[in-house]
Amino acid sequence: MDILNTFGGDPETALSLGGFINGMFIVAGVAILASSAESKNGKGAFLGFLIVLIGLPILLSGVGVKETGEFTPIRHEVMLRDGQVIDATKYEIVEQRGKIYVIQEREASE
């Protein structure tokens, strides 16, 4: 079995409450900006633009994201030579693309 590529094993992340609240402020800022621009209210448009201008870099910097403590499964892209088989007790076939198999280790059963 020839291993062509290995990927995965990265920590899984989820949006935290602070990130969710920041996202809602950004949505509110866009709504204020859109309604103020439609009614030609300069102060409201400036306020909406300011909320988006402050909230968007905070959201994109990853402040509102937390790690869950779990990791993505490690997957291997492998190619089998003639006569070789994949050990079904140790690996699970996730995908097959022609002669290339994507496999991942099975969870250890108790």
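**Strand pairing and overall form**

Strand 4 (residues 75-79) and strand 6 (residues 100-105) run antiparallel and are joined by five bridges. Two strands are said to pair if DSSP finds at least two bridges between them. The model is predicted: local features need pLDDT of at least 70, side-chain atom pairs count only at pLDDT 80 or more, and totals for chains, interfaces and linings use all residues. Residues are numbered from 1 along each chain as its sequence is written, and side-chain values use heavy atoms, with hydrogens and water left out.

- Tyr91 has Glu105 of strand 6 opposite it.
- Two residues separate strand 5 from strand 6 in a hairpin, and Gly98 in its turn has a positive phi of about 65°.
- In a regular strand, side chains alternate between the two faces of the sheet.

**Elements and overall dimensions**

- The protein contains two helices and six strands; helices (H or I, at least four residues) and strands (E, at least two) are DSSP runs, numbered from the N terminus.
- Starting at the N terminus, the order of the elements is β-β-α-α-β-β-β-β.
- The protein is more spread out than a compact globule, because its radius of gyration is 24 Å, well over the 13 Å that the globule rule gives for 110 residues.
- The radius of gyration is taken over C-alpha atoms, and the globule rule is 2.2 Å times the number of residues to the power 0.38.
- The C-alpha trace spans about 75 × 35 × 20 Å along its principal axes.

**Surface, contacts and charge**

- Of the 110 residues, 20% are buried; buried means under 20% relative accessible area, exposed means over 50%, and partly exposed lies in between (1.4 Å probe, protein chains only).
- The protein exposes about 8200 Å², of which carbon and sulfur atoms supply 60%.
- Among contacts with a separation of 6 or more, 63% are between residues 24 or more positions apart; a contact means heavy atoms within 4.5 Å.
- There are 9 positive and 14 negative side chains, and the centres of the two sets lie 9 Å apart.
- Lys and Arg count as positive and Asp and Glu as negative, while His and the chain ends are not counted.
- The place of a charge is taken as NZ of Lys, CZ of Arg, CG of Asp or CD of Glu.

**Individual residues**

- Glu77 is in strand 4 and is buried, with a relative accessible area of 16%.
- Beyond its neighbours within four places in sequence, Glu77 is in contact with several residues, including Asp2, Phe7, Arg97 and Tyr101.
- Phe25 belongs to helix 1 (residues 17-38) and is exposed, with a relative accessible area of 53%.
- Phe25 and Gly55 are 30 residues apart in sequence, and their C-alpha atoms are 7.1 Å apart in space.
- Lys40 lies in the loop between helix 1 and helix 2 (42-60) and counts as exposed at 77% relative accessibility.
- The phi of Lys40 is near 60°, a positive value in a residue other than glycine.

Key. Areas by Shrake-Rupley, 256 points an atom, 1.4 Å probe, with all protein chains shown as cover.
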